[in-house]
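This report describes selected features of one protein structure. Please examine the sequence and the model before reading further.

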Amino acid sequence: MSSPVVLGIESSCDETGAGLVREGRLLGHAVASSMAEHTRFGGVVPEIAARAHIHALTPVVEEALAGAGLRMSDIGAVAVTTGPGLSGALQVGVSGAKGLAYALGVPLYGVHHLAGHVAADTLAHGPLPDPCVVLIVSGGHTSLLLVRDLARDPIVHLGDTLDDAAGECFDKVARVFGLPYPGGPAIDRAARAGNPGAVPFPRPLTGPRDDPYAFSFSGLKTAAARWAESRTAGGLPVADGAASLQEAIADVLTRKAVAACAAYGVGTLVVVGGVAANSRVRALAEQRCAAAGVTLRVPPLGLCTDNGAMIAAVGDLLVRAGAEPAPLELSIDPSAPLEYAALHPVAAVRTAV
């Protein structure tokens, strides 16, 4: 018998996503974003995000089903992001997923959000090589991972950010430069007219005594802010600043990722997450991987940012691996570390004294 159709639900931040996957093939997906509602605040407001998920969840699931030419009764399993993310936002997705799984009489799987980003690449390029090095770069996370069987094996962390993530650095510096939120796309657009060598921004943790796979972008953020403050009197060359910042981040990310491939004898680098959509990160990764004889895999732009398809992809892998479904007491873990693709936290039950 063929594997069931897996519905994936993503609601960890400001995108409400639903995707449908069967046997590694994306059947359909839809995303609703509340980004416009957060822009005037310069960042995501948790309460606004949670309320937006409540309104968007059912329409997004229906849109994904319609795009795939399927009915609700065709769903054979439900997968949902259980962490990390915003607590209220996660609660909306998990509650909705529980209701659907119960009503349809199908198994439910909790999924780690970052594992979803890793699995997103499989929807475009097929199964992940065993092993592969994965670089996750997003607004809240920057990590280098050694991945084997995503559904069965533990995920090995080679290095993580010690402070700000790459996407967080983009957002905060964009604000200093007077660019709109979200900062990553704004920096990318502004950089097209700039000189990437105009400002000698530092390359954090790239010295001979530094951890070769750890990241730190807090100091780079501060350096960019001080550079901008020192030029307010004569006018700020935003394009040059954006291009130089983007170059510094792309340089550090790709340098460490390719070095990890060489050190561990791995022939494939997978770059995922929202910052994987950055044009300079993609271009420099292609250049350095080609020079090192490493195969580069990056998901299409539409699968780099948060979406339900990536969660469905993990659910599909778990189903086909024979993984145990989540318990009925499935809860959320807003700060869950990435250890396995499946994430089935259960809330502690308080007893009256």
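The second largest pocket holds about 320 Å³ of space. Its lining consists of 19 residues, and Thr122, Pro127, Leu128, Leu317 and Arg320 are the ones nearest its centre. Two elements give two or more residues to this lining, namely helix H5 (122-125) and helix H12 (308-320). Helix H12 gives the most, with four residues.

The model is a predicted one, in which local features need pLDDT of at least 70, side-chain atom pairs count only at pLDDT 80 or more, and totals for chains, interfaces and linings use all residues. Residues are numbered from 1 along each chain as its sequence is written, and side-chain values use heavy atoms, with hydrogens and water left out.

**Pockets**

Rolling a probe the size of a water molecule over the atoms shows where empty space is left. A pocket is an open set of points on a 1 Å grid over the protein atoms alone, where a 1.4 Å probe fits and protein lies on both sides within 12 Å along at least five of seven lines; lining residues have an atom within 4 Å of a point. A volume is the space filled by probe spheres set on the points, which are joined across faces, edges and corners. Helices (H or I, at least four residues) and strands (E, at least two) are DSSP runs, numbered from the N terminus.

The largest pocket contains about 1200 Å³ of space. Of the 45 residues that line it, Ser138, Gly139, Gly140, Asp171 and Tyr181 lie nearest its centre. At least two lining residues come from each of helix H1 (35-39), helix H4 (113-120), helix H6 (166-176) and helix H7 (183-191). Helix H6 gives the most, with seven residues.

Threonine 82 lies in strand S4 (residues 75-83). Is threonine 82 buried or exposed? Threonine 82 is buried because its relative accessible area is 0%; buried means under 20%, exposed over 50%, and partly exposed in between, with a 1.4 Å probe and protein chains only. Its side chain reaches the backbone oxygen of leucine 343 at 2.8 Å. Contacts (heavy atoms within 4.5 Å) of threonine 82 include Leu90, Val94 and Leu343, not counting residues up to four places away in sequence.

Threonine 142 lies in strand S7 (residues 142-147) and is likewise buried, with a relative accessible area of 1%. A polar atom of its side chain lies 2.9 Å from the backbone nitrogen of alanine 166. With residues up to four places away in sequence not counted, threonine 142 touches Ala165, Ala166 and Phe215, among others.

**Cysteines**

How many disulfides are there? With a disulfide defined as a pair of cysteine sulfur atoms within 2.5 Å, the count is zero. The sulfur of cysteine 132 is 8.8 Å from the closest cysteine sulfur, in cysteine 261, and therefore too far for a bond. Cysteine 169 is also in no disulfide, and the nearest cysteine sulfur, that of cysteine 13, is 18 Å away. Cysteine 132 is buried at 0% relative accessible area, and cysteine 169 counts as buried at 0% relative accessibility.

Technical notes
A polar contact is a pair of N or O atoms within 3.5 Å; within protein, one must be able to donate a hydrogen and the other to accept it, and residues adjacent in sequence count only if both atoms are side-chain atoms.
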